Amino acid sequence: QVQLVESGGGFVQAGGSLTLACAASRSINDFNSILWYRQAPGQKREWVATRSRTFSGGVSIYADSVKGRFTLTITRDSAKNTVFLQMDNLKPEDTAVYYCNTNYQSQDYWGQGTQVTVSS
């Protein structure tokens, strides 16, 4: 069983920044990957970014719509159980509920989501 809890959402003006956190109930190193998705009102859930575990540590990939503006990082504390999504130069089209997701032992887990609202 895995719990994922997102936090850090809020209201920000265009051009501003927010940092979202996804806290897992076990070490991030136990997962092959952690993903962020978002869902705007009336829209399908959209993939945003993935942090994948590699032999040398990890690699992050991003959707074209956020590349260069969003950055994934992992907490450096001993528990290593939090993934951060640093979001810079936010745009109104980034407005959505943001979710983190992982698959562990063939089961998919989602957090409850955190709302990000960007005003123009």
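**Notebook: charges, fold and core**

I began with the charges. I counted 11 positive and 9 negative side chains in the protein. The centres of the two sets lie 4 Å apart. I keep in mind that this is a predicted model.

Next I looked up the secondary structure. I found 11 strands and 0 helices. Read along the sequence, the pattern is β-β-β-β-β-β-β-β-β-β-β. The radius of gyration is 14 Å, close to the 14 Å from the globule rule for 120 residues, so the protein is as compact as a globular protein of that length. I then took the box along the principal axes. The C-alpha atoms fill roughly 40 × 25 × 25 Å.

I turned to contacts between residues at least 6 apart in sequence. Of these, 51% join residues at least 24 apart.

Surface came next. The accessible surface is about 6,500 Å². Carbon and sulfur atoms hold 47% of that surface. Of the 120 residues, 39% count as buried.

Which residues touch the most other members of the largest nonpolar core? I noted W36, V48, F70, L85, M87 and Y98, in a core of 29 residues. Two or more core residues come from each of β3 (18-24), β4 (33-39), β5 (46-54), β7 (70-74), β8 (82-87), β9 (96-104) and β11 (114-119). In soluble globular proteins, nonpolar side chains tend to be buried together.

How values were computed:
Residues numbered from 1 in each chain as written. Predicted model: local features only at pLDDT ≥ 70, side-chain atom pairs only at ≥ 80, totals over all residues. Heavy atoms only, no water. Helix = DSSP H or I, 4+ residues; strand = E, 2+ residues; numbered from the N terminus. Rg over C-alpha atoms; globule rule 2.2 N^0.38 Å. Buried < 20%, exposed > 50% of the residue type's maximum accessible area, 1.4 Å probe, protein only. Contact = heavy atoms within 4.5 Å. Areas by Shrake-Rupley, 256 points an atom, 1.4 Å probe, with all protein chains shown as cover. Lys, Arg positive; Asp, Glu negative; His and termini not counted. Charge placed at Lys NZ, Arg CZ, Asp CG, Glu CD. Core = buried A, V, L, I, M, F, W, Y, C linked by side-chain atoms within 4.5 Å.
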